[in-house]
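Student: Can we go through this one together? I'd like to start with the aromatic rings.

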Amino acid sequence: MTLDPRLTPARPDLAASRMKGRVEAERFVDGVPRVVITSQAPLRRRRAPDAPLDTEALLGEAVTVYEADDEGWSWAQLEDGYVGYLPSEALAPPGPAPTHRVAALRTFVFPAASIKTPPVTTLSLGARVAVARAEGVFAVLATGGFVYAPHLAARDTVEPDFVAVAERFVGTPYLWGGKTSLGLDCSGLVQVALAAAGISAPRDSDMQERALGTALSAPHDLASWRRGDLVFWTGHVAIVRDAATILHANAHHMAVAIEPSAAAVARIAGTGSAITSVRRLADPPPPM
């Protein structure tokens, strides 16, 4: 079986211990647990700030680090399996376990229990935090800082409709590799929205097409699509919003946009790309 390099913690000089017997490498290491301590951390293909962005890890995400070099880069694997280089300054040994997640599209962390204080950082939907106590309308984080409590939800709380979560991102700029409310791509939108609904999903659209749901027998029959179906083209994925529209982060609009399904299918077909499948999740969201 050919190993996917995006998900394989192996280089010619170094690999994860669990890869022994499956790959060749000069050294094998166990890796050490770390957690993301910045609002987001870019995972890049190479140890360079101008290297392509493959994905992002959000605050509170667990990471396994196999190498931390002297130049400030950590070669690591994310919870969704993606392997690449993260800034070492964005990582730290695990601290208090996250108790809550950001449920708003974005929220601020303030240095004091006052909205008049200049925020110290911004957190995006899906970021995880450990709440130490409540102070008025604020949640006080174990690591310091105050977050407006209604913007948080208990870690194990799930959204009933992942499509409604995705709809909150309408207008967000398209960013290749992005996963935050400041910019995200098509599969990032799907992954973040599904995560809010308690559904784990791979990072890239081709992985999602293989892993999620059941393929419809007649994918080109738009009348059979229903809310929550995932429509796949080569290198792209969209979410069915209702009988007439889809929702997707796309480079045509350079944003997350709602688009008539028939018009989108025709437009994308004009670029030479046809639908490869439409996949239905086991538990579709409730009708609106």
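**Rings and strands**

Tutor: This is a predicted model. In it, ring pairs link F108, F110, F138 and F146 into a cluster.

Student: How many aromatic pairs does a search of the whole structure find?

Tutor: Four aromatic pairs turn up. One of them is F138 with F146, an edge-to-face pair with 6.3 Å from centre to centre and 90° between the planes.

Student: Are F138 and F146 buried or exposed?

Tutor: Both F138 and F146 are buried.

Student: What stands opposite F138 in β16?

Tutor: Y148 does. Strand β15, residues 138–141, is joined to β16 by three bridges, and the two run antiparallel.

Student: What order do the strands of that sheet come in?

Tutor: The order is β14-β15-β16, an open sheet of three strands with antiparallel pairing. At the edges are β14 (131–135) and β16 (146–148), each of which pairs on one side only. On average, neighbouring strands in this sheet are turned by 35° against each other, with direction ignored.

Student: And what holds strands together in general?

Tutor: Strands of a sheet pair through backbone hydrogen bonds, either parallel or antiparallel.

Student: New topic. Where is P260?

Tutor: P260 is in strand β24, which covers residues 255–260.

Student: What is P260 in contact with, leaving aside neighbours within four places in sequence?

Tutor: A244 and T245. T245 is 15 residues from P260 along the chain, yet their C-alpha atoms are separated by 4.3 Å.

Student: Last one: which residue lies over the face of W75?

Tutor: R11, at 4.5 Å from the ring centre.

Notes
Residues numbered from 1 in each chain as written. Predicted model: local features only at pLDDT ≥ 70, side-chain atom pairs only at ≥ 80, totals over all residues. Heavy atoms only, no water. Pairing = 2+ DSSP bridges. Helix = DSSP H or I, 4+ residues; strand = E, 2+ residues; numbered from the N terminus. Axes fitted to C-alpha atoms, helices over the stretch in contact; angles between N-to-C directions. Contact = heavy atoms within 4.5 Å. Phe/Tyr/Trp six-rings, centres within 6.5 Å; stacked < 30°, edge-to-face > 60°. Buried < 20%, exposed > 50% of the residue type's maximum accessible area, 1.4 Å probe, protein only. Lys NZ or Arg CZ within 6 Å of the ring centre and 35° of its normal.
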